[in-house]
Amino acid sequence: MPQSSGTQRETWGSKLGFILAAAGSAIGLGNIWRFPYVLGESGGFAFLLVYIISVIIIGLPIMGAEMVIGRGSGLNPVGAFRKLAPKKLWWLVGGAGVLTGVIILSYYSVVAGWALAYLLKSAFGFIAKMANAGEASAAFDAFTANSPLVVMYHLIFMGLCLLVVSQGVQGGIERWSKILMPTLFGLLLLLIFRSVTLPGAGAGLSYLFTPDFTKLNGEVVLKAMGQAFYSLSLGMGVMITYGSYLDRRTNVFSSSVAIAALDTGVALLAGIAIFPAVFAMGFEPAESIGLTFKVLPLVFHQLPFGAVLSSLFFILLTIAAVTSAISLLEVMVSFASDELGWRRSRATLVMALAAALLGIPSALGFGAWSGFTLFGKNFFGLADALTANFLLPVGGILISLFVGWFWSRDAVSEEYKLELKYPWVYTVWIWSVRIIAPLAVAIVLANTLFKF
Ligand code: PHE
C-alpha cells in the first residue's frame with residue numbers, strides 16, 4: 001500500500017546533517033551568480049538591509065510553515081496536503097510544487113553541466129588561451145551552441161544527482177551534504193583570501209557595500225523579496241520533503257534560522273570572493289551567465305595559478321548546484337515512493353530521466369533551438385522566469401495560508417513548539433504566516449505580473 005502505509009520513514013541522522021542538507025538546497029546558483037551582482041547594483045548595504053528584512057519576514061515564516069507541514073504529515077508535498085486536508089483540493093498545491101521542482105531541476109542541471117565543462121576546461125588550460133573579454137564571450141557562445149556537448153554534460157550532472165539520491169536520505173543526501181558543504185565553505189574562504197588581497201580589491205568591496213539609500217524604490221524592494229524566496233528554496237516543497245524526515249527532537253525555529261543565516265552568509269561571501277577580483281583585474285561587473293562564464297574565468301586566469309583558481313571556482317559552483325539539485329530530485333522521488341509505492345532506486349531513475357528529458361529544450365535553447373523564443377526568452381529563460389517569478393511565489397502564498405488558516409491550529413502549534421524555548425516566537429511566527437508573509441509575497445507577485 002503506498003502512502004503512509006505505516007512503514008517507518010527514514011529520518012536524518014543528526015540535526016547538523018539536516019541543516020547542512022537544507023542549507024545545501026538553499027545555497028545554489030542564486031547565491032553565486034545573482035545575489036552579489038544585485039547587491040552591488042541595487043544600493044549595496046541599503047539593499048542588504050532590505051534583503052535581510054525580507055528573509056526575516058517572508059523567508060523564515062514560510063520555511064517554518066513548510067517544515068511543519070513536512071514533519072506533521074511525514075509525507076511528500078502531495079501526500080502531506082492530502083493527509084492533512086482530506087477530500088480538499090489542497091493536494092494540488094503539493095502537485096504544483098512537484099511539477100515546479102521538475103522544471104527547475106531541468107534547467108538547473110543544464111547550467112550545472114556548463115559548470116562541469118568549465119571545470120574541465122579550466123583544469124586543462126583551455127581558458128588560459130583566451131586573451132580578452134571578447135574571446136571569452138565568443139568561446140562561451142560557441143560552447144553553449146554545441147548542443148550535443150551541452151546535452152552530454154547535462155546528462156552527466158543529472159547522473160551524479162541520481163547517484164546521490166538513490167543512496168537514500170541518510171546514506172546519500174545527508175552523507176554527501178556533510179562532505180560537500182564544508183568543502184564549499186573552505187573553497188569560498190580560499191577564493192576570498194585570494195580576491196581581497198589583490199591590489200585594488202577595495203573597489204570591489206565598495207561596489208558591493210557602499211550604501212546608497214537613494215536606490216531603494218518599490219522595484220528594488222520587490223527584487224530583494226523575490227531573491228530571498230528563490231534563494232531559500234521556498235514555495236515548492238523542498239522544505240516540506242526535507243521536513244518530513246525530521247525527528248521530533250529538532251526545533252523548527254532554530255533550524256530555519258540556521259539555514260537562512262548560512263544561505264545569506266554564503267551569498268555575501270560569494271560577493272566578497274568575486275567582485276574584489278573582478279575590479280582589481282579591471283573588469284566590469286556583470287550578472288549571472290555573463291559574470292560566471294565570461295568574466296570570472298578570465299579574471300582568474302590572469303592571476304598566478306589561474307587554472308587552479310578557476311578550477312576551484314567551478315568546483316564551488318558545481319557543489320552549490322549539486323546540493324540544490326538533489327533536493328529538487330528528492331521532492332520528486334519522495335512523491336513517487338509515497339504515492340506510487342515505487343522503490344527508491346526505480347523512483348530516482350525514472351524521475352531523473354524525466355527531468356533530464358525536460359532539460360533538453362533548455363540545453364538546446366542556446367544552440368539548435370535558439371530561434372525559438374517567447375516574450376524574448378529562450379526555453380531556459382522561460383523555465384527560469386515561470387518558476388522563480390510565478391510558481392514559487394504562488395506556492396509560498398498558498399503554503400502559508402494553509403498553515404495559518406486552514407490546518408488545525410493545535411497541530412500547527414504543537415509542531416512548531418517542539419523544543420521551542422521562547423513561546424512568544426510562536427506568536428510572532430504564526431501571525432507572520434497568517435498575514436505578513438502571504439501579503440508581502442502577493443505584492444511581489446502582483447508586481448511581476450503587471451510588468452509582463
Ligand atoms: N535555492 C536555490 C538557489 O539559490 C534554487 C532552488 C530553488 C533550489 C527552489 C530548490 C528549490 O540556487
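Guide: The largest nonpolar core has 163 residues, and Ile69, Phe293 and Trp429 have the most contacts inside it. Helix α14 (residues 306-340) contributes the most to this core, 18 residues. The model is predicted: local features need pLDDT of at least 70, side-chain atom pairs count only at pLDDT 80 or more, and totals for chains, interfaces and linings use all residues. Residues are numbered from 1 along each chain as its sequence is written, and side-chain values use heavy atoms, leaving out hydrogens and water.

Visitor: What makes a set of residues a nonpolar core?

Guide: Its members are buried Ala, Val, Leu, Ile, Met, Phe, Trp, Tyr and Cys residues joined through side-chain atoms within 4.5 Å.

Visitor: Why is the pair of Trp405 and Trp431 called edge-to-face?

Guide: Rings of Phe, Tyr and Trp (its six-membered ring) pair if their centres lie within 6.5 Å, and planes over 60 degrees apart count as edge-to-face, under 30 as stacked and the rest as tilted. Trp405 and Trp431 are 6.4 Å apart centre to centre with 80° between the planes, so the pair is edge-to-face.

Visitor: Why is Trp405 called partly exposed?

Guide: Buried means under 20% relative accessible area, exposed over 50%, and partly exposed in between (1.4 Å probe, protein chains only). Trp405 has 45%, so Trp405 is partly exposed. Trp431, with 41%, is therefore partly exposed.

Visitor: How do you know that Arg346 lies over the face of Trp342?

Guide: A charge sits over a ring if NZ of Lys or CZ of Arg is within 6 Å of the ring centre and within 35 degrees of the ring normal. Arg346 lies over the face of Trp342, at 4.4 Å from the ring centre.

Technical notes:
Helix = DSSP H or I, 4+ residues; strand = E, 2+ residues; numbered from the N terminus.
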